[in-house]
Amino acid sequence: MQRSLLQAFSGGLPKLLPFYVGSCKTQETGLHLRIRLCGSGLRGAQARAVGPRRARRSVEAGVSSWERRPAARERDSGRAPPLSAMAALRYAGLDDTDSEDELPPGWEERTTKDGWVYYANHTEEKTQWEHPKTGKRKRVAGDLPYGWEQETDENGQVFFVDHINKRTTYLDPRLAFTVDDNPTKPTSRQRYDGSTTAMEILQGRDFSGKVVVVTGANSGIGFETAKSFALHGAHVILACRNMARASEAVSRILEEWHKAKVEAMTLDLALLRSVQHFAEAFKAKNVSLHVLVCNAAAFALPWSLTKDGLETTFQVNHLGHFYLVQLLQDVLCRSAPARVVVVSSESHRFTDINNSSGKLDFSRLSLSQGEYWAMLAYNRSKLCNILFSNELHRRLSPRGVTSNAVHPGNMMYSSIHRHWWVYTLLFTLARPFTKSMQQGAATTVYCAAAPELEGLGGMYFNNCCRCLPSPEAQSEDTARALWALSERLVQERVGGQSS
């Protein structure tokens, strides 16, 4: 069967190649039917009634599908004239189908190297782009499924390797994901929702050559985000504070696919010098940066100040990421089109960071110990995330860098609740009713990879669907004021090395 799956493309449509045949005998007529297996299984088989001696001789000699059959030879032999293809299939019981995409007898579906589908007619020895029944042109949807790789054997023939199931085949697996090339009216139905996983978002995509950085990627949503991209060919960098746990996360990804290109680098968002060192180490690699996912977050921490003198939740969730993007924005712009995804939360709706006169109030961001409440600090930092993402998009989109903010899901059982036993209890009780980590990563991955979002940003997404954030999060004046304040806070702490 392998020879039937090879492609020969020269100029116009691909030329037809030899194709194996087999034979069987029907009980009703005693005639031997030579069956040409086309595609997979018996779909599109072509049958022909022949005498037992010739059928046997053809099979033993490994006759190709288009051997010469002069009509005079049939007449001189005294044999009955051949049955039509459909009549022979009726004898064999192979003519029943209820699909318009089912190929007629004698046809085979093939693909070119660049993903276009064409159809080979073994009866008339010709090929064509249009489906013989529907008249539609098709192409494969996207790249190879995750875990698949295209290779070439010693004869220069292309074959496909399934690393997950450890098997090889000459059949292009993308034929299962063909789409009509004919323009169709777009549907209003949402493609993805809250039950979609990150792996489903990336199905059929190949991110080879793309570089993705995910902060806080050693567990939870960040880990699933990093793993999903790594298993689809991207070079993924896990930017984490705890290198021991980050190394374990890298090992877990490599266990799933040994060819994954994944590594861990140290990044402590609670220390601006650490952010600076990470940026310097990343730039030293001299690689592009196509996707930056600002995922790391602190939640339910007891009050504390960082070494930079700021309340920890505010610095980890907002200012550390702000500084990171500032340091890497030149790399992002050189890698355009590039995307930044900032993981926020629906809890941003339950707070405000402006004072009674409508001006941004720094005392509401970096709370003093007397005014501190963990949930309030978290909510305000998540509001900052959306304002930062919107302003970042406004500033960098002319240079090919877009930014969107996302809500991953409510009370998912990750390690974010580990700092207080009460939250751990609440998250445990809610666990049966919340998303899995893979589902939680889906919206992040959607905003980082969806083709339909190319060049679009300044938006907020929940369940892979755009929705409006709170009125405070939509304020352009507050976004500009927060940006200016963040620049000043960084400048005061790291000086001229902040750019």
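User: Is Glu-108 buried or exposed?

Analyst: In this predicted model, Glu-108 counts as buried, because its relative accessibility is 0% and the cut-off for buried is under 20%. Glu-108 lies in strand β4, which covers residues 107-111.

User: Which side chain does Glu-108 touch through a polar contact?

Analyst: The side chain of Glu-108 makes a polar contact of 3.0 Å with that of His-122.

User: Let us move to β15. Which way do the side chains of that strand point?

Analyst: Strand β15 spans residues 291-294; Val-291 and Val-293 point one way, Leu-292 and Cys-294 point the other way, and all are buried. In a regular strand, side chains alternate between the two faces of the sheet.

User: Which strands pair with β15?

Analyst: Strand β12 (residues 211-215) pairs with β15 in the parallel sense over three bridges. Strand β16 (residues 338-343) also pairs with β15 in the parallel sense, over four bridges.

User: What joins Ala-336 and Pro-337?

Analyst: Ala-336 and Pro-337 are joined by a cis peptide bond, with omega of about 5°. Most peptide bonds are trans. Pro-337 is placed in the loop between α8 and β16.

User: Now the aromatic residues. How many aromatic pairs does the structure hold?

Analyst: The structure holds nine aromatic pairs. One of them is formed by Phe-322 and Trp-483: the ring centres are 4.9 Å apart and the planes stand at 80°, so the pair is edge-to-face. This pair links distant parts of the chain, with Phe-322 in helix α8 (residues 312-334) and Trp-483 in helix α12 (residues 476-494), 161 residues apart.

User: Are Phe-322 and Trp-483 buried or exposed?

Analyst: Phe-322 counts as buried at 2% relative accessibility, and Trp-483 counts as buried at 5%.

User: Which residues form an aromatic cluster?

Analyst: Tyr-192, Tyr-446 and Phe-461 form one aromatic cluster.

User: What about helix α11; where is its kink centred?

Analyst: The kink in α11 is centred on Thr-443 and amounts to about 35°. The helix runs over residues 437-449, has 13 residues, and reaches 18 Å from its first C-alpha to its last, close to the expected 18 Å. Helix α11 is mostly covered, with 13 of its 13 residues buried.

User: And the sheet with β9; in what order do its strands come?

Analyst: Three strands form an open sheet in the order β8-β9-β10, with antiparallel pairing. Its edge strands are β8 (148-152) and β10 (167-169), each of which pairs on one side only. On average, neighbouring strands of this sheet are turned by 30° against each other, direction ignored.

User: How many bridges join β9 to β10?

Analyst: Strand β9 (residues 158-162) is joined to β10 by three bridges. Asp-162 has Arg-167 in β10 as its bridge partner.

User: Last topic, backbone angles. What phi does Glu-125 have?

Analyst: Glu-125 has a positive phi of about 55° although it is not a glycine. Most residues other than glycine have a negative phi. Glu-125 is in the loop between β5 (117-121) and β6 (126-128), and it is partly exposed, with a relative accessible area of 49%.

User: What phi does Cys-464 have, and where does it lie?

Analyst: Cys-464, although not a glycine, has a positive phi of about 60°. Cys-464 lies in the loop between β18 (460-462) and β19 (465-466), and it counts as buried at 5% relative accessibility.

Methods
Residues are numbered from 1 along each chain as its sequence is written. This is a predicted model: local features need pLDDT of at least 70, side-chain atom pairs count only at pLDDT 80 or more; totals for chains, interfaces and linings use all residues. Side-chain values use heavy atoms; hydrogens and water are left out. Two strands pair if DSSP finds at least two bridges between them. Helices (H or I, at least four residues) and strands (E, at least two) are DSSP runs, numbered from the N terminus. Axes are lines fitted to C-alpha atoms, for helices over the stretch in contact, and angles run from 0 to 180 degrees between N-to-C directions. The expected span of a helix is 1.5 Å times one less than its number of residues. The bend at a residue is the angle between axes fitted to the seven residues ending there and the seven starting there. Buried means under 20% relative accessible area, exposed over 50%, partly exposed in between (1.4 Å probe, protein chains only). A polar contact is a pair of N or O atoms within 3.5 Å; within protein, one must be able to donate a hydrogen and the other to accept it, and residues adjacent in sequence count only if both atoms are side-chain atoms. Rings of Phe, Tyr and Trp (its six-membered ring) pair if their centres lie within 6.5 Å; planes under 30 degrees apart count as stacked, over 60 as edge-to-face and the rest as tilted.
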